[in-house]
Amino acid sequence: MAASVRTFVRSLSRKNAGFSAVLRLSDCRWFSGKAEERSTHFGFETVSETEKASKVYKVFENVAQKYDVMNDAMSLGIHRLWKDALLHVMHPQPGARLLDVAGGTGDIAFRFLEYVRSQQERQQRRAVLLGQTPSWQDVSDRYPDGGGAPESAVVVCDINKEMLKVGRQRADSRGVTTGLSWVVGDAEELPFNDDQFDLYTIAFGIRNVTHIDQALKEALRVLKPGGRFLCLEFSKVTNPVLERLYDVYSFQVIPVLGEVIAGDWKSYQYLVESIRKFPDQEEFKGLMEDSGFFCVQYFNLTGGVVALHSGFKL
Amino acid sequence: MWLRYCPRSILRRRHIELTSSAPFVHQLHTSRADRSHSYYDGLYHGHIHTTPFQKALLAVGSGVAALQDPYRHDMVAVLGETTGHLALVNLRDRMRNDPEGYTILTERPRIRLSTLDLKNMASLPDGSFGREYLRFLEDNNVTPDSRAQVKFVDDEELAYVMLRYREVHDLLHTLLGMPTNMLGEVVVKWFEAAQTGLPMCALGAVLGPLRLNASRLQSLFTSLGPWALRNGRGARCVLNIFYERRWDQNLEDLRQELHIEPPPVTLHSPRKT
């Protein structure tokens, strides 16, 4: 019953986005007002909700070409360590299917593929060393009609076409051809069926989403039972001294770097402001639990500059 | 609706860039693209507030970026804005003390494709300022619309002076008879450095020659360079001329009025060579 009502609502909302806010079952807010009139934050500015989506789109359209260079410059290369930490916590095994939302330029996707391939090699080496009797895997492989293990695959989903374009160029230059697909989609309304993915990651993307709770619900929907949700995002620094330094660095240096390297001050001003507006570690944990994730935990990286949240769909 | 009752001839001649001190008039004149920014939180459209620390960082960063890639015009512009405060004040005072310059400061004309009457200028006789300017734009394949916006100057009038300086740069090329190749740009920079005292011009004047080959360097140091410096010091302030009203004036007359000697060497524009 609930499922059919949900699909009915979804079909309605696709036809008439203006009324979708009213009909959304999860919120049960019986406003007569439409989404355009509700306001939200865009950095420190207050804008209407529809305006926020298009402004965020424009920001990432502008920064797409220099996105990776800027990440290295702003974080002094530390963002690579954060993403590596995400992969280590994720510990994907061969055969896993990952959905990387807001995955734009593909950092997580490339790391996932490398990790899984190295895991596969490790398993094969171990099997050879131990001289085990053939596993069911090998037995089924030898059957004439194939039946090999499902290959691990990653789907990179992003709302912004420019970011995906840069990601595809990077994939081409790295020679990565299989196991990767690029899909344009909105985190609040994913173009996938239910129960599709073993892993869902969103790295430094969820603070740009207008309705975070909606994105969390969609994540829950597309994960298989037993699937894991992982979110890497800038969060509240725990140490007060580091916090002051971080604030000074964020507001004084980062927009200047944005102007000098990417020629765009305002996009990077938005970035540092949007970090301040995002809920802190405990609040986000609460949001995840409210959306239906279990065993929610978080890890602080670099003193709380970045938090890695993890939850399971059971 | 003040603009509706203004005679069309005045509207065509006056291209007024209105200031934030008259907000209601500004909103009337705002173009469609600007309407979303009618509530900008700076002193003028495109203004970004910066602390002195940020200005210093910007100056260093943009200097390095401009040196590494001289085609980053936006970085040259940022360098000029962050280092040029004293020179801009000096220029603004010189404009205030000159009657024509004062008119420019009050009327705020802009040189853009939308404000230039190209057909009219093409029909002017050869040798007139407007015709030669148009020829310069065509020969060098440039447009007056490619100037960067002023962002980091913290005074609205000084921001206009900076903008006017940028827009007059192309006209200077015509006045000095210099094309837009490296040598021509360096010569114009030497002239501007002597005239305006902007640190960015001085930096460009010093570092520009590093990219010239031997024969051009020789031409620069023997004839063009001294001529540019001499005229830069002796000429009337080029920002004090209301160019928009002088399109039909003869170029040689205009040069004499400004105390600019004709160039000692004729340089050819990239397209012709």
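This is a predicted model: local features need pLDDT of at least 70, side-chain atom pairs count only at pLDDT 80 or more; totals for chains, interfaces and linings use all residues.
Contact is taken here to mean heavy atoms within 4.5 Å.

In helix α4 of chain B, which spans residues 73–83, the buried residues are B:Met75, B:Ala77, B:Val78, B:Leu79, B:Gly80, B:Glu81 and B:Thr82. These buried residues of α4(B) pack against elements of both chains: α10 (240–262) of chain A on the one hand, and α3 (52–68), α9 and α11 (199–207) of chain B on the other.

Rolling a probe the size of a water molecule over the atoms shows where empty space is left. Two cavities of 30 Å³ or more were counted. The second largest cavity holds about 30 Å³ of space, and its lining consists of B:Tyr165, B:Val168, B:His169, B:Leu172, B:Glu192, B:Thr196, B:Val238 and B:Leu239. Two elements of chain B, α9 (156–176) and α10 (182–196), each give two or more residues to this lining. The greatest contribution comes from α9(B), with four residues. By residue class, the lining of the second largest cavity comprises five nonpolar, two polar and one charged.

Aromatic contacts were then considered. A pair of aromatic rings is described by the distance of the centres and the angle of the planes. Over all chains, 16 aromatic pairs were counted. One of them, formed by A:Phe110 and A:Trp182, is edge-to-face, with 6.5 Å centre to centre and 65° between the planes. This pair links distant parts of chain A, since A:Phe110 belongs to helix α6 (residues 107–130) and A:Trp182 to strand β5 (residues 180–184), 72 residues apart. The relative accessible area of A:Phe110 is 3%; because buried means under 20%, A:Phe110 is classed as buried.

In chain B, B:Phe129 and B:Tyr243 form a tilted aromatic pair, with 5.7 Å centre to centre and 40° between the planes. B:Phe129 lies in helix α8 (residues 129–140), whereas B:Tyr243 lies in the loop between α12 (214–234) and α13 (251–258); the pair therefore ties together parts of chain B that are 114 residues apart in sequence. Both B:Phe129 and B:Tyr243 are buried. These two residues also belong to one aromatic cluster, together with B:Tyr133 and B:Trp247. A further interaction with an aromatic ring involves B:Arg245, whose charged end sits over the ring of B:Phe242, 4.0 Å from the ring centre.

How values were computed. Residues are numbered from 1 along each chain as its sequence is written. Chains are lettered from A and ligands numbered from 1 in the order in which they are written. Side-chain values use heavy atoms; hydrogens and water are left out. On a 1 Å grid over the protein atoms alone, a cavity is a set of points where a 1.4 Å probe fits but cannot get out, and a pocket is an open set with protein on both sides within 12 Å along at least five of seven lines; lining residues have an atom within 4 Å of a point. Grid points are joined across faces, edges and corners, and a volume is the space filled by probe spheres set on the points. Ala, Val, Leu, Ile, Met, Phe, Trp, Tyr, Cys and Pro count as nonpolar, Asp, Glu, Lys and Arg as charged, and the others, Gly among them, as polar. Buried means under 20% relative accessible area, exposed over 50%, partly exposed in between (1.4 Å probe, protein chains only). Rings of Phe, Tyr and Trp (its six-membered ring) pair if their centres lie within 6.5 Å; planes under 30 degrees apart count as stacked, over 60 as edge-to-face and the rest as tilted. A charge sits over a ring if NZ of Lys or CZ of Arg is within 6 Å of the ring centre and within 35 degrees of the ring normal.
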